[in-house]
Amino acid sequence: MAERGRSQAVRGAQAGLTLIELLVTLAIVAGAIAALQYSASQAYRSAVETNHIRIAKMLLRTKAEEVFAGVETGTGGGFEGYPEAFSWSVSEHT
């Protein structure tokens, strides 16, 4: 009977994780979290850039219609309510 109790104690000790195993697991999880954070950051930047391109196309289309219709007589400027990065200019090509 003593032998049986001893074998159960040995199996119980082997069933747990060692400190090294826990540290390796933690390192793997930390690496995965860092990779996910980087991917999410890149996706956010891409979404912002795509949105800026969409806004620029909309503003360009509207301003081109105004210029061709003769409503807009200026040769350049900005768009009210939008950052300075959104600006326009007209030049003549021969």
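Modeller: A residue is called buried under 20% relative accessible area, exposed over 50%, and partly exposed in between (1.4 Å probe, protein chains only). By that count, 6% of the 94 residues in the protein chain are buried. The model is predicted, so local features need pLDDT of at least 70 and side-chain atom pairs need 80 or more, while totals for chains, interfaces and linings use all residues. Residues are numbered from 1 along each chain as its sequence is written, and side-chain values use heavy atoms, without hydrogens or water.

Start with the layout. The protein chain has two helices and two strands (DSSP runs numbered from the N terminus: helices are H or I with at least four residues, strands E with at least two). From the N terminus, the order is α-α-β-β. The part to look at is helix H2.

First, how far can it be trusted? Confidence is given as pLDDT, the predictor's score for each residue, from 0 to 100. The protein chain has a mean of 87, and 84% of its residues reach 70 or more. H2 has the highest confidence, at 95, and helix H1 (residues 2–15) the lowest, at a mean of 59. Where pLDDT is low, predicted coordinates should not be read in detail.

Now its length. H2 has 51 residues and reaches 75 Å from first C-alpha to last. That is close to the 75 Å expected, taking 1.5 Å times one less than the number of residues. After H2 comes Gly70, with a positive phi near 85°.

Next, the surface. Leu23 lies in H2, which covers residues 19–69. Its relative accessibility is 46%, so Leu23 counts as partly exposed. Leu23 belongs to a nonpolar surface patch with Leu19, Ile20, Val24, Leu26 and Ile28. Together they have about 630 Å² of accessible area (Shrake-Rupley method, 1.4 Å probe; for residues, only the protein chains shown count as cover). Patch members have over 30% relative accessible area and no salt bridge; like charges are joined within 9 Å, nonpolar side chains (Val, Leu, Ile, Met, Phe, Trp, Tyr) within 5 Å.

What about the inside? The buried residues of H2 are Ile55, Leu59 and Lys63. These buried residues pack against strand S2 (87–89). Contact here means heavy atoms within 4.5 Å.

In one, Lys63 meets Glu66 at 3.0 Å, N to O. Because Glu66 and Lys63 are three residues apart in H2, about one helical turn separates them. An α-helix has 3.6 residues a turn, so residues three or four places apart point the same way. Glu66 is partly exposed, at 26%. In the other bridge, Glu72 pairs with Lys63, with the closest N and O atoms 3.1 Å apart. Glu72 is partly exposed too, at 22%. Shared partners join Lys63, Glu66 and Glu72 into one network.

Key
Salt bridge = Lys/Arg side-chain N within 4 Å of Asp/Glu carboxyl O.
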